[in-house]
Amino acid sequence: MTVRRLSVVLAVVATAVGITASSVLGAPARAQATTVKVTAFDLGFKLSTKRAKAGKVTFKVTNTGQLMHDFSIAGKKTPLRRHGKSATLTVTLKKGKNAYKCTVAGHAAGGMKGTFSGT
């Protein structure tokens with residue numbers, strides 16, 4: 001193989017590799033969905049995290065208390081759940097503070113409320 005032919009082959013390979021690398025490296029990253037585990041207990045919530053990137057966030061809520069509870073955030077809420085039952089709620093969070101609570105009468109006043117930060 002001549003030097004000239006070898007140069008052409010190497011240039012073609014380098015161009016092909018460059019196109020592949022740029023198409024892979026230049027591809028936008030997919031937004032990763034955030035899932036927050038929420039444990040509802042009698043007159044309290046425990047969240048696996050209290051902040052996530054603003055946008056779509058899924059809350060998996062499990063009631064470990066003896067009373068029925070729900071979980072409300074960003075204008076949406078889960079159905080009431082009995083002890084041991086779960087519900088999933090996906091909402092679009094705004095940046096900043098997002099209030100959450102149990103909507104059963106007296107539960108938020110008893111401590112079933114808080115804020116979740118959209119970053």
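Modeller: A salt bridge is a side-chain nitrogen of Lys or Arg within 4 Å of a carboxyl oxygen of Asp or Glu. Please note that the model is predicted. By this rule the structure has one salt bridge.

Colleague: Which side chains meet in a salt bridge?

Modeller: Those of Lys-77 and Asp-70, with 3.7 Å from N to O.

Colleague: Is Asp-70 buried or exposed?

Modeller: Buried means under 20% relative accessible area, exposed over 50%, and partly exposed in between. Asp-70 has 2% relative accessibility and therefore counts as buried. Lys-77 has 49%, so this residue counts as partly exposed.

Colleague: What is the bridge partner of Ser-72 in strand 6?

Modeller: The partner is Lys-77, the residue whose side chain also meets Asp-70 in the salt bridge. Strand 5, residues 72-73, and strand 6 pair in the antiparallel sense, over two bridges.

Colleague: How many strands does the open sheet have, and in what order?

Modeller: The open sheet has five strands in the order 3-9-8-5-6, and the pairing is mixed. At its edges are strand 3 (51-52) and strand 6 (76-77), each of which pairs on one side only.

Colleague: Let us turn to the nonpolar core. Which residues touch the most other members of the largest one?

Modeller: This core has 18 residues, and those touching the most other members are Val-38, Phe-45, Phe-59, Phe-71, Ile-73 and Phe-116. Two or more residues come from each of strand 1 (34-41), strand 2 (44-47), strand 4 (55-63) and strand 7 (86-93).

Colleague: What does Ile-73 touch, not counting residues up to four places away in sequence?

Modeller: On that count, Ile-73 touches Phe-59, Leu-89, Val-91, Leu-93, Asn-98, Ala-99, Tyr-100 and Phe-116.

Colleague: How many aromatic pairs does the structure hold?

Modeller: A pair of aromatic rings is described by the distance of the centres and the angle of the planes. The structure holds five such pairs. In one of them, Phe-59 and Phe-71, the ring centres are 5.3 Å apart and the planes stand at 40°, so the pair is tilted.

Colleague: Which parts does this pair tie together?

Modeller: Phe-59 belongs to strand 4 and Phe-71 to the loop between strand 4 and strand 5, so the pair ties together parts twelve residues apart in sequence. Both Phe-59 and Phe-71 are buried.

Colleague: Which residues form the aromatic cluster?

Modeller: Phe-45, Phe-59, Phe-71, Tyr-100 and Phe-116 form one cluster.

Terms used. Residues numbered from 1 in each chain as written. Predicted model: local features only at pLDDT ≥ 70, side-chain atom pairs only at ≥ 80, totals over all residues. Heavy atoms only, no water. Pairing = 2+ DSSP bridges. Helix = DSSP H or I, 4+ residues; strand = E, 2+ residues; numbered from the N terminus. Buried < 20%, exposed > 50% of the residue type's maximum accessible area, 1.4 Å probe, protein only. Core = buried A, V, L, I, M, F, W, Y, C linked by side-chain atoms within 4.5 Å. Contact = heavy atoms within 4.5 Å. Phe/Tyr/Trp six-rings, centres within 6.5 Å; stacked < 30°, edge-to-face > 60°.
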